[in-house]
Amino acid sequence: METRKLKDAVKKIYPRSIQVTILISFTVVSFVCMLFLGVAMYQRFESRSRQMVTDSSTRLLNQTVSGIEDYLRNMRRISDAMYYDVIKDSDLSEENIGSEMSLLYEANKDNLISFALFTDAGKLVSAAPIAVEKEGVHVTEQSWFLDALDRMDNLHFSVPHVQNLFTDDTDYRYHWVISLSRAAELNYGGTPRQGVLLLDMNYNTIEQMLKEVNNANSDQYVYLVSGTGQIIYHPKKQQIDTGIFHENITTHSMYDDGAYEESFEGENRIVVVDTVSYTGWKLVSVTPIKSLYLGLTSTRYFAIMILSLAILALIIMNRLVTKRVTGPLLKLNESIKKMEAGSPDTRIYIGGSYEVEHLGRTLQKAMDEISRLMKDIVTQQEEKRKSELDALQSQINPHFLYNTLDSIVWMIEGDHNKDAVFMITQLASLFRVSLSKGRTIIPIGDEIRHAENYMNIQMVRFKNSFSFKTEIEPEVKEYLTVKLIIQPILENAIYYGVKNMEDEGKIVLRAYKHKGEIFIEVKDNGYGMPKEKVKYLLTDDTRASKNGSGVGLINVHKRIQLRFGQEYGLHIESEPDEGTIVMIHLPAIEGTEENRIRLENGGGENEER
Amino acid sequence: MKKDRYTLTGIVVLLVGIIAISAYAMIRSNYDDDVYKIAVIVENPGDDKWASFKAGAQDAGSDKRAVVEFINSSDISDISDQKTIIDKEIANGADAIITEPVTSVGTEDIIREISNKAVLELVCSNAEADIDVEGKYAVTMPDNYQIGRAIGSEILIRHTDDIKNKTIGIITGDQDREKFSQRYKGLIDSLEGKGVKIVWQVLIDDEDEASLTEAIQNNPVDVIVALDDEGLTLAARATAESSYLPEIYGEGNSVRNICYVDRGKITSMIVPDYFRIGYQSVVSVVEKINHKLTPMEDEIVDYRVINRENIFNEKNQKYLFTNVE
């Protein structure tokens with residue numbers, strides 16, 4: 001039930017028109033192709049964009065890491081210079097390294113906040129610039145101090161912190177520094193002692209370096225994180241500390257160098273990592289993938305607009321194309337509809353593509369042929385009707401009746417009553433067959449009787465100036481024929497054949513079946529006629545018979561052909577002074593009621609067979 | 001056939017509609033990318049105490065595509081001065097105003113008028129406005145009452161055994177300002193019943209040091225409480241010259257006062273998260289500009305208690321030292 005409802009619904013909305021079907025098909029196919037191409041190109045573009053971003057980020061990071069490493073290397077060199085060139089060569093029990101330290105500090109003070117040397121007990125040996133130690137500060141508890149003594153072979157870079165060593169009553173400033181510390185071997189009058197050399201680098205230098213990298217007006221940013229997941233620099237450091245912004249720091253600090261795609265807080269990003277030597281810090285570049293789309297919102301609307309435009313253009317273009325293709329078909333269809341509606345003088349549309357034109361032309365031919373055949377049928381029916389009418393009219397030919405009645409009166413007056421009775425009975429029989437209850441199709445037997453009646457009357461009239469003989473095969477009598485076909489031929493045989501012959505005229509009526517067909521012959525030994533005349537006998541229909549039925553051979557011939565087909569009818573042979581044979585060729589249609597009714601209604605000989 | 005034609009016409013009309021709408025939306029989104037102008041009107045914006053607030057506001061402006069301008073307004077003496085400056089900034093094209101109200105009393109009309117012309121955000125202190133103007137502005141501030149209580153708690157912590165009969169001097173501001181009234185109330189509520197004596201209160205106006213010095217010298221107290229950063233600085237400076245060293249407690253955030261804490265001149269300081277106040281106030285007004293029908297919401301920010309022992313711990317140094325020197 002549900003399926004049927006669904007099918008009905010689909011049927012309802014499914015287009016019936018060929019134009020719309022083609023339009024929709026073209027549009028859908030074009031759109032699918034475009035979509036496929038668009039998606040493929042988009043994928044390619046996106047993949048290429050990502051690769052470009054990754055490559056450019058990698059290059060940027062490499063450059064920046066080089067810069068940071070250069071800076072850190074420089075700081076190491078300063079520390080090395082202080083340690084190897086000054087401290088190691090000094091006896092701290094006697095010498096003061098303050099001036100050397102100050103010199104080194106002054107030479108690099110743009111990048112340094114302070115220089116300081118402490119003993120392993122946390123006692124300040126020397127510092128630059130000169131400053132007073134803060135009270136209550138326990139140097140030995142600070143991480144840079146502990147790291148230096150913990151791993152004495154290395155130089156240690158701390159994370160950024162506010163310097164908490166010295167105080168200056170005239171200055172209310174604090175400095176963010178990155179401490180570079182190392183264990184130092186101190187010489188006190190030959191006694192070695194451990195100490196820690198501290199170089200506090202101005203964090204501002206690193207910050208400015210990375211701020212410049214982050215200056216571009218895009219969503220991409222670069223930040224620096226220690227190997228333990230502590231931020232060295234981040235453009236949104238404050239926001240992270242306050243909890244307003246979140247960064248995937250822990251994960252990034254554990255990445256090896258390379259490019260990664262990740263999703264963090266619902267945002268897809270490309271992350272590229274590069275490690276800074278000496279420190280274990282990682283420089284991380286983060287590019288949100290949405291920044292590849294260069295303005296997501298307007299791009300989205302742009303894409304919708306372009307897509308809609310494309311579909312609209314497709315529809316318009318396809319409509320033009322389908323109109324061109326289906327237009328002639330529609331015109332053809334319209335012209336056929338007009339023709340169906342019976343509009344007169346409508347011609348089938350012939351035009352369009354070769355196939356449509358051919359279709360139209362063929363249809364027009366067919367319509368013309370149908371029209372011609374219909375006209376032929378109408379004409380045939382008309383002729384049939386006229387012939388039947390003529391034949392009917394012959395039934396009441398006044399001359400024949402007048403002459404026959406005249407003969408009867410003469411017989412009665414002459415007391416030839418038996419002859420008169422004979423004449424009257426023959427006449428009655430003749431008229432009975434003529435009428436045949438209004439039927440046009442009668443058995444051949446009845447037609448022969450009609451002929452015999454006629455000949456009997458005529459022989460009396462003509463005082464037996466000619467003889468009449470019949471040779472009728474009995475089986476033939478049961479077959480059907482159109483009525484009033486033998487009598488006109490006999491009439492002709494009398495008036496054009498044997499009348500006024502000096503010798504005895506002979507008329508023979510034969511009826512036989514041969515090769516499944518019926519043949520009725522009327523043969524006379526009369527004057528005959530030349531072949532030229534014979535030719536025109538069945539075509540010259542202006543010659544009406546004056547002496548008998550008035551129907552004529554042409555009428556008989558036409559009626560037979562109209563009823564039974566062109567292959568049937570009359571055949572005439574004649575020789576002057578020899579005589580004439582008129583042969584009636586009929587189909588052998590059995591005398592059943594069914595056949596009779598069919599023939600009456602106009603069905604031909606072939607239908608019966 | 002007719003049905004097909006109607007369907008096709010319908011589809012074409014729909015497509016044309018979609019094209020028109022998306023073109024309009026695309027053009028609109030370009031306008032939406034425009035940068036907003038936000039004017040910040042506070043007293044003495046160049047003062048050190050606004051450093052963290054400024055940093056927060058500027059960062060938010062950068063994140064939210066807004067230009068944050070701090071208006072030079074050192075001459076704000078009363079509400080009408082403040083209104084004049086605000087009107088001028090709105091006339092200059094400011095899309096939003098962030099301001100600390102000069103007074104909290106009788107501000108309904110002004111709030112109503114301003115909020116009809118631009119988005120309004122109050123910071124640090126609220127207005128005592130009636131119900132008619134609720135929803136027309138929002139406030140981002142610390143809980144001033146709790147700050148007062150926190151100051152009181154710090155005093156009690158350090159004098160658990162000997163709080164009774166301690167004498168206290170209070171440096172305050174105009175009690176018509178919500179922040180001072182609430183902090184004062186919080187302080188008094190926390191010390192109630194503890195046997196302390198409020199010996200004097202000095203209202204600081206334009207850094208009137210003389211009256212404070214006089215009060216300190218003439219009426220020595222065990223504890224001085226300053227209810228704002230300026231008062232705290234004045235207290236530290238004034239006691240530097242005095243013959244005795246009272247303990248100083250109060251609210252503040254400037255580097256100068258941090259330095260005083262570091263040097264032991266200030267015993268304990270309550271530091272609200274001014275960075276967050278600056279940041280969130282800008283975010284709040286930008287949200288309102290983008291979503292005009294969404295009501296603005298107040299926000300209460302945290303504070304920390306800072307003293308000499310904990311200034312330089314990892315979390316506090318990030319909190320206190322927002323500007324790199």
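**Sheet and helices of chain A**

Helix α2 (residues 18–87) of chain A lies across strands β9, β11, β12 (267–275) and β13 of chain A. Its direction is at about 35° to β12(A). The model is predicted: local features need pLDDT of at least 70, side-chain atom pairs count only at pLDDT 80 or more, and totals for chains, interfaces and linings use all residues. Residues are numbered from 1 along each chain as its sequence is written, chains are lettered from A and ligands numbered from 1 in the order in which they are written, and side-chain values use heavy atoms, without hydrogens and water.

Helices (H or I, at least four residues) and strands (E, at least two) are DSSP runs, numbered from the N terminus. Axes are lines fitted to C-alpha atoms, for helices over the stretch in contact (heavy atoms within 4.5 Å). Angles run from 0 to 180 degrees between N-to-C directions.

The open sheet has five strands in the order β10-β9-β13-β12-β11 (chain A), with antiparallel pairing. Pairing requires at least two DSSP bridges between two strands.

Strands β9 (residues 221–225) and β13 (residues 282–288) of chain A run antiparallel, joined by five bridges. V225(A) has K282(A) as its bridge partner in β13(A). Helix α5 (residues 203–213) of chain A also packs on the sheet. Helix α5 of chain A touches β9, β10 and β13 of chain A, and its direction makes about 75° with that of β10(A).
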